[in-house]
Amino acid sequence: QRVGYAIVGLGHLSLDEILPALAQCKKSKVTALVSGNREKALKVAKQYGVPEKNIYNYQTYDQLKDNPEVQAIYIVLPNGLHAEYTIRGAKAGKHILCEKPMANTPEECRQMIEACKQANRKLMIAYRIQYEPYHAMIRDSIRQKKFGKVKFIEATNAQYTANPSHWRHVKALAGGGSLPDIGLYCLNTIRYALGEEPTEVMGYQYSTPGDPLFKEVEENVTWQMRFPSGVLANCATAYAAHENRTYKVLAEKGWMSMQPAFAYKGLSMKQSHAEGPVEYNEEPKVAEKNQFALEMDHFSDCIQQDKKPFTPGEEGLQDHIIMEAIYQSAQEGKPVKLQKYDKLDTFR
Ligand code: NAD
């Protein structure tokens, strides 16, 4: 028996990645669509075998509560709408899988967590990288000290965006610019790999003056993080640079790197380590799996087995607390200490 999902928002990610990925899912299926464009929804419904009666719009969304074919809602809307649709979805009695970034602010994240708790529904943030096999391999190597103690991690996520009228450039809908949209991958992947939380961040921010793309949201952010184990991390994200998604972990006796590190597919890894005088350069290979299918099936499994998701709402909140500190540091021009997090039981 597969868990039935309502997919909310039929934009680029839903149409190009999530709906096609459902074909590779073992425990998840699409049973409803929520869209403001009925014509598009009818076409997509036909393509994926969703009955017309299971097409909703943003006004009729709450009526999902009367549809037993839907157990979970996957929210794939602009970031600024995640909180509202999570809260309404939980009130409709459905489990919520919400795209990243979780929301616009830590406060919204807290409201989403509370709403799902009140409704006794599960909340998971769609951090696909945490369900991807190469990243799991690097995490395991770090935790097992395969190449000794990790000293330094570097991560970059850059892309070129070109449309100033897209919601990604509107603060109320995006929350911020490159940092919450793509820089988040650097932040979240490092926290996942290390299993610890930064105690201090230092950020820098720059937007090209007069560029209409960056009237409301930032262009570039770089930041450093200090972790309790002594690991230092150096991260960069950019909205007006050629695409680059890299990740590098430097340890006492070896390094591991990925390029591309955060793409949907085609991930590639290299590692180098020394054994005595001999240096080994390797390119470990793991079978590629669809990250969205892995992520959705994990959530379905949690629903069926009544387990807490690996990336629950608290995980999204933690990232928002750190991103807020990065912005604060950039604004004040000094490091910001991060000692008080909300209670987090996701140290994994
Ligand atoms: P998109 O612009 O392609 O799609 C957004 C959809 O929301 C559109 O269908 C649009 O019509 C709809 N929408 C509803 N209300 C809207 C409003 N008020 N303003 C604008 N659009 C509205 O965006 P996308 O790239 O599909 O991103 C959707 C979500 O998925 C975002 O939260 C984004 O961060 C996330 N995302 C995640 C990944 C990933 O790898 N996990 C990749 C891309 C996007």
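**Exercise 1. Determine which residues of α4 are buried and how they are arranged around the helix axis.**

Solution. In α4, the buried residues are E108, C109, M112, I113, A115 and C116, where buried means that 20 or more other C-beta atoms lie within 10 Å of a residue's own, exposed means 12 or fewer, and partly exposed lies in between, with C-beta atoms placed from the backbone. Viewed down the axis of α4, these buried residues fall within an arc of 165°, so they line one face of the helix; the arc is that of the directions from the helix axis to the C-beta atoms. On the other side of α4, K117 and Q118 are exposed.

The structure is a predicted model, in which local features need pLDDT of at least 70 and side-chain atom pairs count only at pLDDT 80 or more, while totals for chains, interfaces and linings use all residues. Residues are numbered from 1 along each chain as its sequence is written.

**Exercise 2. Describe the length of α4 and what its buried face packs against.**

Solution. Helix α4 spans residues 106-118, and its 13 residues reach 18 Å from first C-alpha to last, close to the 18 Å expected at 1.5 Å a residue, the expected span being 1.5 Å times one less than the number of residues. Helices are DSSP runs of H or I with at least four residues, strands are runs of E with at least two, and both are numbered from the N terminus. The buried residues of α4 pack against α3 (82-91), β5 (95-98), β6 (123-125) and α9 (313-332), contact meaning that two C-beta atoms, placed from the backbone, lie within 7 Å. Just after α4, N120 takes a positive phi of about 55°.

**Exercise 3. Classify the packing of α3 with α4 and of α7 with α9.**

Solution. Begin with α3 and α4, which pack at an angle of about 10° with their axes 9 Å apart; axes are lines fitted to C-alpha atoms, for helices over the stretch in contact, and angles run from 0 to 180 degrees between N-to-C directions. That angle makes α3 roughly parallel to α4, since angles under 35 degrees count as roughly parallel, over 145 as roughly antiparallel, 65 to 115 as roughly perpendicular and the rest as oblique. The contact is made by A83, T86, I87, A90 and K91 of α3 and E108, Q111, M112, A115 and C116 of α4.

Turn next to α7 (residues 178-194), whose axis comes within 11 Å of that of α9, the two crossing at roughly 110°. That makes α7 roughly perpendicular to α9. Here L179, P180, L184, L187 and N188 in α7 meet D319, I322, M323 and I326 in α9.
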